[in-house]
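Visitor: Could you walk me through this one? I'd like to start with a single residue and then look at packing.

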Amino acid sequence: MLHRLTTVDEVEALVGRPPSMVMLKQVGAIDAGCRTVLAHSPIAAFGYRDTGGTSRTTFVGGVAGFTHVHSPTRVSFALPEADAVPGPASMFFLLPGVGEVLRVNGTVTSQQGARTTVVIRQAWVHCAQAILRSGLWQPPAKAAPAPQLAVDEPLGAPGVAEFLAAAPFLALSSWDTEGGSDTSPRGDRGTVVRILDGRTLVLPDRRGNKGADTLHNLLQDERLAFAALVPGRSGVLHVRGRGVVTDDPALLRTLALRGLAPHAALVIDVEHAEVTGNDAVARARLWHPGAHLDRSAAPDLTMIALEHLATNSADASGGPPAALFRVIGAIPGLSRALRVVMRRAYRSALRREGYADVADGRRTDGDRAGSPLREVRVVEMRRETPTTVTLVLDDAAGRPDPFAFRPGQYFTLVVEVDGRPVRRAYSASSAPGATRLEVTVKYVEGGRLSGHVHRMLRVGDLLGLHGPSGTFHTETEPPTEMVLVAAGSGVTPMMSMIRTRLADRAGHDRIALLYSSRDADEVIFAADLDRLAAEHPDRLSVTHVLTSRDGRLDADRLVDWFTGRTPAADARYYVCGPEALMSTVRKVLASLGVPDARVHHETYSSGAGTTIATTTPRPMTVEAAGQPVGTGTVEPGQSLLDAGLAAGIDLPFSCTVGICGECVVRLRRGDVVVSEPNCLTPRQRAAGYTLTCVAQPLSEVTIDRADQERSTISGRG
């Protein structure tokens, strides 16, 4: 039996009382310094209790500024699980490449869908020791061997022991009985928490834990939860159970570093453990060097802490005068000097703990490409038909960079729906080269993104944008004549082509459009098409087919229309719509002697599915021409692409929904399942190619990114 600490006196005899300086760092609201951290932080650990009273810790966010500050004491963010109940909660915000964190304690007050609102009680800057101990921002270290555990024990669940053996960092949440909560960062060399048996873990509590909030909380309520991270992986290990504090010498000796044992440890009786993919970690790309903040751009947490000390010292008695902190903070160049001094102090303290070498917080390897997403803002929503809306998008940062693409190409929108990112591809309907981009979205029954756009999206909302993508586009030099056939929302890329060509007032090329719609109310761009045809009668002709009145386009009607146009010999044909129409058009044009090289087509589909192929994390090796370039772990429900990007591996991609073919690679070893529909050709499948963006592993896999065969068929989602 281990000796347990059960009283406050025992804990304080071990770790001491919290120094006054620690308490003076805490402020009761989100001030300007805290707002700066929130604006730069792409991810936070969040501890809360769900509707069943279960303790939970997870990671939320995904992009910088994900937390919305409503007032100095009220913030909100998306919680994908959407199951937090009103009550005490806590969190800390990470800045990639930075050691210090911003900790926040408060109370969950409400949820609207996935949006969770927290009222702030305390906020303060926390020291860098947990991150320095763990080497969180460094390249991942080689994992220790994982013990073999019985599958019917909590720690014997798929991938759990392996994750624990590699995890140097975790967020630990605890609660007291007076409405308080605490979520603190914990880090250690190699592995942060050790396995004792199939249901028991031990977490060292090394010196430097001045507040000891977790230890005090566990004296009142043994329930706890933690979420662990492994550098290079976007999965998260979620554990919940009950913890006790011990100073048992025999146990502490097993946790010693260079002969120096911790002063205490938490022994955790695990009730549940599970490794899951985490959208916030994946989207934040925490392990990519390009996501790490430059010192010049990162919030200065040292100065923020000084300002908090000054604010609280003004109201405190017996503490250092507030003027002293403000004078210190005003000295030019002092911030840099203080950071150097503090880092040296951290390292000195860690050496006394048994750490021989402590690296700086940031990685220096790799590029600084950052996220490929461009953040855009909705500045206008224009209703085209009862079921179709055009989004007018502007650069969210106010940059004057034009949206460059070729008429007919599409962009992938990334929108957070119910706390999770949803990607869909939509054609640009505007002409390229403007500082605003227009994409047109038709409502699809059951469509997650189209439904969100039509029901929930508002002017001012932020979206992610990737692209342009697709081989369905006009040539640089326009032909004498373009013949366009579209059905339904297939007219959107055609509209970009029409607007681009007619903007050239000196042009003499001709455009003929055959456009099939269900009825007059569903004719997208009806007024614009009528206006353009009236303004350019010698260049644009539009023929409407209403299937409710005229019936569907069949081969005979297509032959009549094509032959009635007497198109030029070098005319180019562009077809976009359902596959049945496309197939009929291709057959008719072939029968009329039109070479296949002059026919361009694109199919609309609902986008790739997101079924989970396996519940077990799978190792992945990436090669280039047979030479290893990186390894990663694909979490359950995650694609090969997401796992590679999360691990900082450079993989080619564009649309991310399986329709452009840019991410095609050869599968060297292992088995995958690929979501349908996608743009892989039968020949590519037979040759062993796959699409990383929609492929999930069924086993350990090896892919070769240099051995690519691009698809010549472009799909739409």
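Visitor: Where is V275 placed?

Guide: V275 lies in strand β15, residues 264-277, strands being DSSP runs of E of at least two residues and helices runs of H or I of at least four, numbered from the N terminus. This is a predicted model, in which local features need pLDDT of at least 70 and side-chain atom pairs count only at pLDDT 80 or more, while totals for chains, interfaces and linings use all residues. Residues are numbered from 1 along each chain as its sequence is written, and side-chain values use heavy atoms, with hydrogens and water left out.

Visitor: And is V275 buried or exposed?

Guide: V275 is buried, with a relative accessible area of 5%, where buried means under 20%, exposed over 50% and partly exposed in between (1.4 Å probe, protein chains only).

Visitor: What is V275 in contact with, beyond its neighbours within four places in sequence?

Guide: Its contacts (heavy atoms within 4.5 Å) include F163, R233, L237 and P617. The C-alpha atoms of V275 and P617 are separated by 7.9 Å, although the two are 342 residues apart along the chain.

Visitor: Switching topic, which residues of α1 meet α6?

Guide: V8, V11, E12 and V15 of α1 meet L215, H216 and L219 of α6.

Visitor: And the core: which residues touch the most other members of the largest one?

Guide: They are I30, F46, V60, M91, F93, L102 and V104, out of 32 residues, a nonpolar core being a set of buried Ala, Val, Leu, Ile, Met, Phe, Trp, Tyr and Cys residues joined through side-chain atoms within 4.5 Å.
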